[in-house]
Amino acid sequence: MELIALPAFSDNYIWMLHDGARALVVDPGDAAVVGQALDARKLELAAILVTHHHADHTGGVHALREATGAKVYGPARERIPEPFVPLQNGD
């Protein structure tokens, strides 16, 4: 597994974890940054994890879900773009 920090905006990162074939991204505020990284590495986006509802963490969720079919996971008590799999403590 490889963990990559993808620079986003002027002061943020989107984290991508991959095994050489499939990837998971955390807090994809910018879909273009993620799309470029996936294309460059020839990876399939399998999942999106969102930690909270701020736009710099959720801004790219819809576009990435539409483009890849990746499932979205996030805290049940946050306003994560629907549809998503709500997670609670211990999940």
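The side chain of arginine 65 places a polar atom 3.4 Å from the backbone oxygen of proline 81. The model is predicted. Arginine 65 sits in helix 3, which spans residues 61–68. Arginine 65 is buried but forms no salt bridge. The nearest side chain of opposite charge belongs to glutamate 66, 5.1 Å away. Beyond its neighbours within four places in sequence, arginine 65 contacts Ile48, Ala70, Val72, Pro81, Glu82 and Pro83.

Asparagine 12 belongs to strand 2, residues 12–18. Asparagine 12 counts as buried because its relative accessibility is 17%. Its side chain makes a polar contact of 2.9 Å with the side chain of aspartate 56. Leaving out neighbours within four places in sequence, asparagine 12 touches Leu6, Pro7, Asp56 and His57.

The distances compare as follows.

| Pair | Distance |
|---|---|
| Arginine 65 side chain, polar atom – proline 81 backbone oxygen | 3.4 Å |
| Arginine 65 – glutamate 66, nearest side chain of opposite charge | 5.1 Å |
| Asparagine 12 side chain – aspartate 56 side chain | 2.9 Å |

Leucine 3 counts as exposed because its relative accessibility is 56%.

Note on methods. Residues numbered from 1 in each chain as written. Predicted model: local features only at pLDDT ≥ 70, side-chain atom pairs only at ≥ 80, totals over all residues. Heavy atoms only, no water. Helix = DSSP H or I, 4+ residues; strand = E, 2+ residues; numbered from the N terminus. Buried < 20%, exposed > 50% of the residue type's maximum accessible area, 1.4 Å probe, protein only. Lys, Arg positive; Asp, Glu negative; His and termini not counted. Salt bridge = Lys/Arg side-chain N within 4 Å of Asp/Glu carboxyl O. Polar contact = N/O pair within 3.5 Å; in protein donor to acceptor, adjacent residues only side chain to side chain. Contact = heavy atoms within 4.5 Å.
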